[in-house]
Amino acid sequence: MSEAAASHATDRRELTAAQRNAVAELLRVSPVADELGRRFAAAGHELHLVGGSVRDALLGRLGEDLDFCTDAHPDATLDILRGWAEAIWETGREFGTIGCQRDGLRLEITTFRAESYDQVTRNPVVEYGTSLIEDLRRRDFTVNAMAVSLPEHRFTDPYGGLADLAAKVIRTPGTPAESFGDDPLRMLRAARFAAQLRFAVHPDVRAAMSRMAADLDRITAERIRDEFTKLLCGADPITGLRLLVDTGLTERFLPELTGLKLEIDEHAQHKDVYEHTLTVVRNAISYEQDGPDFILRMAALMHDVGKPATKAVGSDGRVSFHHHEVVGARLTKARMKALRYPKEVTAKVTALVGLHLRFYGYGRGEWTDSAVRRYATDAGDLLPLLHKLTRSDCTTRNRRKAAQLAADYDALEERIARIAAEEDLARVRPDLDGNAIMELLGVPPGPIVGRAWKHLKDLRLERGPLDRDTAEAELLRWARDEGILG
């Protein structure tokens with residue numbers, strides 16, 4: 001058999017497997033989907049399972065959220081759903097989408113769409129379309145441009161999506177320029193699909209991403225944030241991140257990542273800090289236990305972004321990045337704020353970036369119990385993630401050094417566990433509460449109480465638990481030193 005024939009035979013086997021997956025998945029949801037299709041047909045309208053739902057069915061992983069398209073306009077769709085759906089929502093109505101729920105499935109039905117463009121801004125003007133083929137052409141990629149009619153189960157694939165699915169390639173139904181002109185966010189989505197599905201991006205698509213990267217500036221920060229979050233939480237985010245950097249897309253929304261490519265790692269063990277960062281992300285993923293952890297992955301991605309601004313070359317030629325964790329935390333906070341991440345998520349990622357270097361130096365034996373308490377207390381609820389991030393950051397190729405760092409961190413974790421068991425570090429509080437402070441000092445609620453409380457907490461971290469008499473004596477000594485008591 002020739003090489004070409006063998007390849008064709010392999011493709012046919014993969015397509016057959018994909019089709020078998022689709023049949024099994026469609027049979028699972030067909031009681032609801034087919035019943036809905038019959039309702040649309042009775043009203044004189046078409047209904048098709050479409051897009052990601054068909055793709056996922058072919059991959060054997062169709063979920064509980066199903067996407068449909070129809071020639072019915074939203075008002076007609078609502079009429080068909082009333083009395084059948086258990087719940088109906090109209091939040092997507094302006095885009096032609098009506099949602100509903102039935103038998104545990106969430107269904108979204110969207111009117112066929114076509115798009116035209118003004119010649120000034122190139123912003124899309126959404127219009128209702130008249131045919132399935134027209135609707136499929138305006139979709140982002142061929143693997144999302146397939147449809148199954150209901151209830152007939154007729155398969156429609158005008159742009160070769162099934163073959164691209166078998167070849168594991170991301171390609172657009174029309175030209176890449178047309179697809180990205182429809183919605184520049186699709187450039188970021190191409191990288192996300194590469195990360196989620198482990199698919200390759202077609203060279204023509206990749207070239208258009210580089211050529212049109214600046215068009216991403218038209219997209220809102222929230223949409224970019226959501227797409228990037230999905231990419232970073234994909235099965236293979238490294239592939240997606242490399243594609244974003246190589247095509248210049250990160251320059252539009254995450255320039256700190258591109259900037260790392262220019263920096264040499266201080267240990268000269270990696271090609272550059274960029275490569276080290278991707279390795280840390282990969283390492284962090286290996287420590288996950290309950291699925292993708294965005295906070296851990298984002299902290300791994302951003303942990304060294306402060307290096308370009310702190311780079312210095314010593315008289316011996318060695319490169320250093322002193323206090324890059326402080327600068328990196330500030331840059332991370334600003335970037336995540338610009339991308340409209342929730343404050344609590346930003347705070348956690350920023351804290352991890354700021355703490356990621358704290359461990360280094362522990363192996364020299366200089367850490368007191370006080371330093372260990374502060375390490376655990378400053379990390380707080382983030383301590384388990386800090387453990388993972390710190391271990392992930394050890395990327396040295398020197399086996400002896402790597403083993404020593406791992407042993408040092410093992411020892412630190414054991415020490416934290418011992419002190420935590422003895423002192424309940426998770427709830428470290430001063431040995432006197434606010435009421436006791438006010439009574440002893442004879443002061444009302446206010447700033448003095450807060451300052452005294454902080455002093456006692458610092459003392460608690462430094463020396464461990466104090467008995468009542470010692471704590472009171474220390475408070476009175478502090479108050480005299482501060483001029484609060486005569």
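Reader: Is Asp 79 buried or exposed?

Author: Asp 79 counts as exposed, because its relative accessibility is 51% (buried is under 20% relative accessible area, exposed over 50%, partly exposed in between, with a 1.4 Å probe and protein chains only). This is a predicted model, where local features need pLDDT of at least 70 and side-chain atom pairs pLDDT 80 or more, while totals for chains, interfaces and linings use all residues. Residues are numbered from 1 along each chain as its sequence is written, and side-chain values use heavy atoms, leaving out hydrogens and water.

Reader: Which side chain does Asp 79 meet in a salt bridge?

Author: Side chains of opposite charge can pair when their charged atoms come close. A salt bridge is a side-chain nitrogen of Lys or Arg within 4 Å of a carboxyl oxygen of Asp or Glu. Here Asp 79 meets Arg 82, at 3.0 Å from N to O, and Arg 82 is partly exposed at 46%.

Reader: How many salt bridges does the structure hold?

Author: There are 29. One of them joins Arg 252 to Asp 217, with the closest N and O atoms 2.6 Å apart.

Reader: And how many aromatic pairs are found?

Author: A search of the whole structure gives three. Rings of Phe, Tyr and Trp (its six-membered ring) pair if their centres lie within 6.5 Å; planes under 30 degrees apart count as stacked, over 60 as edge-to-face and the rest as tilted. Phe 228 and Phe 253 are edge-to-face, 5.5 Å centre to centre with 65° between the planes, and both are buried.
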